[in-house]
Amino acid sequence: MSTRKNVALVVGAQGVIGGNLIEHLSTLEDWEVIGLSRRAATPSRPNVKHVSVDLLDPKDVRAKLSDLTHVTHVFYAAYQDRPTWAELVPPNLAMLVNVVEAIEPVARGLRHISLMQGYKVYGAHLGPFKTPARESDAGHMPPEFNVDQQSFLEARQKGKAWTWSAIRPSVVCGFGLGNPMNLAMVIAVYASISKELGVPLRFPGKVAAYDKLLEMTDAGLLAKATVWAATSEACANQAFNINNGDLFRWNEMWPKIARFFDLEVAPPLTMSLDVVMADKAPLWKRMIEKHGLEPLPYEAVSSWRFGDFVFSWDYDMFADGSKARRAGFHEYVETEAMFLGIFGDLRRRRIIP
């Protein structure tokens with residue numbers, strides 16, 4: 001193991017992915033961590049520093065990163081949501097470009113840039129795609145910002161001492177608040193409100209999605225895999241699918257989730273959560289007072305649009321994770337245990353009743 005000090009710059013520090021990555025890095029003795037995000041944050045550990053920055057403002061990025069000369073690894077997990085696939089490209093590509101153009105000239109000891117992607121690289125968001133998806137699969141018709149980001153890194157890296165890796169998880173589940181893509185929180189709040197209203201837990205997605213095969217990626221597992229790929233020479237300039245290692249169907253998982261919340265299960269009923277949950281803010285406020293929950297605004301705990309997106313997948317959604325295993329990463333997480341563990345953690349934190 002190298003004795004050189006590792007300094008991580010985690011971009012998107014307050015998301016589910018970035019936050020859990022910082023938690024993991026902060027437990028490692030040979031890492032110093034700097035988190036970047038738009039929102040200010042208070043470091044939870046002495047070896048973690050937070051910097052508030054507008055990643056879409058090149059001048060602000062250059063100014064805030066100008067003195068980060070000791071950074072050795074960039075972990076890029078920032079994301080800005082937009083209404084359409086085409087509209088996602090400009091801001092999400094610009095943020096990555098701004099970070100790299102600001103940090104590369106000043107961080108002379110830069111060794112690696114890790115890029116967080118997803119199965120959109122395989123066209124998973126467009127409709128039925130080849131499963132299991134593999135890192136060597138052919139590309140698809142743009143627009144797709146994940147592809148553009150990787151193309152930028154590949155071109156920028158040529159002739160440089162640093163390397164890159166692209167990490168491709170499935171739906172990432174873990175603790176995180178105020179994020180547009182947080183499925184575990186969607187399920188937990190949906191189930192909690194269902195119980196408060198005395199109604200059964202119905203699967204709200206497409207009926208045909210209830211029995212399809214899919215997989216998840218635990219945020220803690222993803223953090224370990226991300227650091228592994230960023231520090232393993234054998235992983236340089238490559239992409240890796242990272243998933244829990246098991247497959248499931250909602251028709252088997254949904255009753256187990258319902259049991260955790262002491263709810264009955266009724267047949268699926270297709271409905272837009274973004275629509276039917278839009279009027280539940282007053283109810284959530286009453287639940288906070290009744291159950292002594294953390295006084296979080298409704299918008300901080302709800303990601304209904306993302307829930308609708310995931311629950312609409314009426315086709316198989318999984319990728320081959322064997323490339324990472326062949327390269328040396330062998331950890332896995334049972335998805336049922338992941339869901340129940342996250343729900344239990346949310347209760348302990350007093351986020352849900």
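Helices (H or I, at least four residues) and strands (E, at least two) are DSSP runs, numbered from the N terminus. This is a predicted model, in which local features need pLDDT of at least 70, side-chain atom pairs count only at pLDDT 80 or more, and totals for chains, interfaces and linings use all residues. Residues are numbered from 1 along each chain as its sequence is written, and side-chain values use heavy atoms, with hydrogens and water left out.

**View 1. The loop between helix 7 and strand 11 holds Asp-262.** Strand 11 covers residues 265-266. Asp-262 has a positive phi, near 55°, and is a residue other than glycine. Its relative accessible area is 61%, so Asp-262 is exposed (exposed means over 50% relative accessible area, buried under 20%, partly exposed in between; 1.4 Å probe, protein chains only).

**View 2. Asn-237 sits in the loop between helix 6 (219-231) and strand 10 (238-242).** Asn-237 is not a glycine, yet its phi is positive, about 60°. Asn-237 is partly exposed, with a relative accessible area of 31%.

**View 3. The loop between strand 5 (112-116) and helix 4 (145-157) contains Pro-132.** The peptide bond from Thr-131 to Pro-132 is cis, with omega near -5°. Pro-143 is found in the loop between strand 5 and helix 4. The bond joining Pro-142 and Pro-143 is a cis peptide bond, with omega about 15°.

**View 4. Helix 11 (residues 304-311) is largely enclosed by the rest of the structure, because six of its eight residues are buried.** The buried residues are Trp-304, Phe-306, Gly-307, Asp-308, Val-310 and Phe-311. What covers them includes strand 7 (171-173) and helix 5 (183-197). Helix 7 (250-260), helix 8 (273-276) and helix 10 (298-301) are also among the covering elements. Contact here means heavy atoms within 4.5 Å.

**View 5. Cys-173 is buried, with a relative accessible area of 0%.** Cys-235 is buried too, with a relative accessible area of 0%. A disulfide is a pair of cysteine sulfur atoms within 2.5 Å. The count by this rule is zero disulfides.

View 6. The C-alpha trace spans about 60 × 45 × 40 Å along its principal axes. Buried residues make up 53% of the 353.
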